[in-house]
Amino acid sequence: MSDDEFPADEALDGVPGDAGFDADLLEEELRGAAAVLDPLPSGLLQLAVDAYLLHDLDARVAELTFDSLVDAIPVRGVEDPPRMLTFQAGELTVDVEVTEDGLLGQLLPPQSARIEVLGGPAAAHPLTVDALGRFTHDTPPTGPFALRLRTGGDVIVTEWLRA
């Protein structure tokens, strides 16, 4: 059938064109059907809400400049090497090693900071930074994670990554 056989403004099967069409009612009906047939998992909804709450409008994003999963040359004989990450935000560099035992990292140049490991719906885990800018976390991330650093008046958040 050609386009000229069914003009857009004519009724099809007894249904009027745009006359009497209620987009809000249709949206409500579709949302109701989706909620019944394909409900949003509560964990996913909570994760989305928590991620939004963690959003800090004044934070600078530390760009991922090195990821050993992508950028490193494989070493023969090493079966499960630690994941090495480097983030850059202006003059600040954050080096992080992710292992099955947790996180180990360092701020360069060394400075005092408050670091939190963000991990979805779980509460942020504060970390202590020593005089050389080093920090550790005894629990490895199990899902998406990011680091939030507070250095003086600056707030820096790393990109979110999967462990």
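**Reading one residue at a time**

Author: Let us begin with R114, which is placed in strand β5. Please keep in mind that this is a predicted model.

Reader: Is R114 buried, exposed or partly exposed?

Author: Burial is judged from relative accessible area: under 20% is buried, over 50% is exposed, and anything in between is partly exposed. R114 has a relative accessible area of 43%, so R114 is partly exposed.

Reader: Which residues does R114 touch, not counting residues up to four places away in sequence?

Author: On that count, R114 touches R148, L149 and R150.

Reader: Which residues touch the most other members in the largest nonpolar core?

Author: A nonpolar core consists of buried nonpolar residues joined through their side-chain atoms. Here the largest core has 21 residues, and those that touch the most other members are V94, V96, L107, I115, F135, L147 and L149. Strands β2, β3, β4, β5 and β8 each supply at least two residues of this core. The largest share, 4 residues, comes from β3. Leaving aside neighbours within four places in sequence, I115 is in contact with residues including L107, F135, L147 and L149.

Reader: Where is S68 found, and why does S68 count as buried?

Author: S68 is found in helix α3, residues 68-71. S68 counts as buried because its relative accessibility is 17%, and the limit for burial is under 20%. The side chain of S68 reaches the backbone nitrogen of M84 at 2.8 Å. Apart from residues up to four places away in sequence, S68 touches P82, R83 and M84.

Reader: Which residues make the nonpolar surface patch of about 350 Å²?

Author: That patch is made by L40, L44, L45 and V49. L40 lies in the loop between α1 (23-37) and α2 (42-53). With a relative accessible area of 53%, L40 is exposed, because the limit for that class is over 50%.

Reader: What kind of peptide bond joins L108 and P109?

Author: Most peptide bonds are trans. The bond between L108 and P109, however, is cis, with omega at about -5 degrees. P109 lies in the loop between β4 and β5.

Note on methods. Residues numbered from 1 in each chain as written. Predicted model: local features only at pLDDT ≥ 70, side-chain atom pairs only at ≥ 80, totals over all residues. Heavy atoms only, no water. Patch = residues over 30% accessible without salt bridge, like charges linked within 9 Å, V, L, I, M, F, W, Y side chains within 5 Å. Areas by Shrake-Rupley, 256 points an atom, 1.4 Å probe, with all protein chains shown as cover. Salt bridge = Lys/Arg side-chain N within 4 Å of Asp/Glu carboxyl O. Buried < 20%, exposed > 50% of the residue type's maximum accessible area, 1.4 Å probe, protein only. Core = buried A, V, L, I, M, F, W, Y, C linked by side-chain atoms within 4.5 Å. Contact = heavy atoms within 4.5 Å. Polar contact = N/O pair within 3.5 Å; in protein donor to acceptor, adjacent residues only side chain to side chain.
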